Amino acid sequence: MRAHAERLTGLGTTIFAEMSALAVATGSVNLGQGFPDRDGPDSLLEDAIAAIRAGANQYPPARGIPALREAITEHQKRFYGLAYDPDTQVLVTTGATEAVAAALLAFVEPGDEVIALEPYYDSYAAGIAFAGGRRVPVTLRAPAYRLDLDELRAAVTPRTKVLLINSPHNPTGTVLTDEELRGICAVAIEHDLIVITDEVYEHLVYDGLRHRPLASYEGMAERTVSISSAGKTFAVTGWKIGWVTGSPEVVTAVTTAKQFLTFTSGAPFQPAVANALALGNDYFDALRADLQSRRDLLADGLATLGFEVHRPAGTYFVTTDIRSLGHTDGIEFCRMLPERTGVVAIPHQVFYDHPTYGRPLVRWAFCKQPEVLQEALNRLQKL
């Protein structure tokens, strides 16, 4: 008897599960998996508690409660000038991971090609495989991680159906420029492609830069599946509240797939997230400033230790090249690191179809308390 379906071949246990288990087994500081070690705003937590006590514990509407759908439309208008109908153009999902999977299931036929920016979040490979698609990587190369538009154009074939774009980009931390975004739009329009955009780090952008959604560009509103979530913005990654915005046709297509995945979820968390999305600019500004200071603490410390540091423009993650310390294989390095130093990180190469590009690269999460980051740096001196 075959152990599993062919489409699962090569997926296996995620690197995050492996490294988090190593962290527990060795008592290491976990700079691997990207979750904060602090809770979100007190008002957000209290709103969830109040919702539980008020009885919001059964199935919410399949597309999400009206208050959250309205809050999402107001957020998109406030930050990006995008206007959506909360009844027909918003879908609440079980995190952004489900949203990406549902979007791929909605638009990818078996044999269709999906172009994804490499390195990519590992669920993209799984989602494409579940839909029966074929993954076509376009590589963001170290140390600048800029998108080569000629390479993107060359990757398109008659079988291409979807562009899967992630900006701010995990794991590299790059934020796509206006020129790069316009180039993506030109390719999508010329070849009549659907564009799925993972924007979960939209508010985690530093050094005065700003995120701009692809849906805001001319000709993109009808073909873009925009995805984000509350987890990264409000430090509640375990709540798994995400959303999709797009044209009524796009959202209906994604809803058709999503309803048979989880149907709905997070009843008491949805009203809390709705209120959080309306927090003042001071919250979002303080979030960016705080995380930028943590980025600098970790990046400067790693550089002092001898790593070649690629300082990110966004997200939770700093990337280093380990060759400057005499190492060449990120997987071997990360498996050695917990026992030797008591610190956990994530190797880049598991996020590549062309692992050679990521072999000497290692990702470190800086969404931890400053004293935790400093403890990790102290331990890494053993290297």
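## Getting started

Here, a residue is called buried when its relative accessible area is under 20%, exposed when over 50%, and partly exposed in between (1.4 Å probe, protein chains only). Helices (H or I, at least four residues) and strands (E, at least two) are DSSP runs, numbered from the N terminus.

This is a predicted model, with local features needing pLDDT of at least 70 and side-chain atom pairs counting only at pLDDT 80 or more, while totals for chains, interfaces and linings use all residues. Residues are numbered from 1 along each chain as its sequence is written, and side-chain values use heavy atoms, with hydrogens and water left out.

## Helix 5

Let's start with helix 5 (122-130). Its buried residues are Asp122, Ser123, Tyr124, Ala125, Ala126, Gly127, Ile128 and Ala129. Because that makes 8 of the 9 residues buried, helix 5 is largely enclosed by the rest of the structure.

What do these buried residues pack against? Their partners are helix 1, helix 4, strand 3 (113-118), strand 4, strand 5 (160-166) and strand 6 (194-198), where contact means heavy atoms within 4.5 Å. After helix 5 comes Gly132, with a positive phi near 80°.

## The largest pocket

A pocket is an open set of points on a 1 Å grid over the protein atoms alone, where a 1.4 Å probe fits, with protein on both sides within 12 Å along at least five of seven lines; lining residues have an atom within 4 Å of a point. Grid points are joined across faces, edges and corners, and the volume is the space filled by probe spheres set on them.

The largest pocket comes out at about 1,000 Å³. It has 47 lining residues, and Thr14, Phe16, Tyr121, Asp122 and Ser123 are the closest to its centre. Helix 5 shows up again here: it gives the largest share of the lining, 7 residues. By class, the lining has 21 nonpolar (Ala, Val, Leu, Ile, Met, Phe, Trp, Tyr, Cys and Pro), 9 charged (Asp, Glu, Lys and Arg) and 17 polar residues (the others, Gly among them).

## The second largest pocket

The second largest pocket holds about 210 Å³ of space. Of its 22 lining residues, Arg146, Val175, Leu176, Leu209 and Ala313 lie nearest the centre. The lining splits into 10 nonpolar, 7 polar and 5 charged residues.

## Cysteines

How many disulfides does the whole structure have? The search finds 0, taking a disulfide as a pair of cysteine sulfur atoms within 2.5 Å. For Cys367, the nearest cysteine sulfur is that of Cys334, 16 Å away. Cys367 is buried at 2% relative accessible area, and Cys185 counts as buried at 4% relative accessibility.
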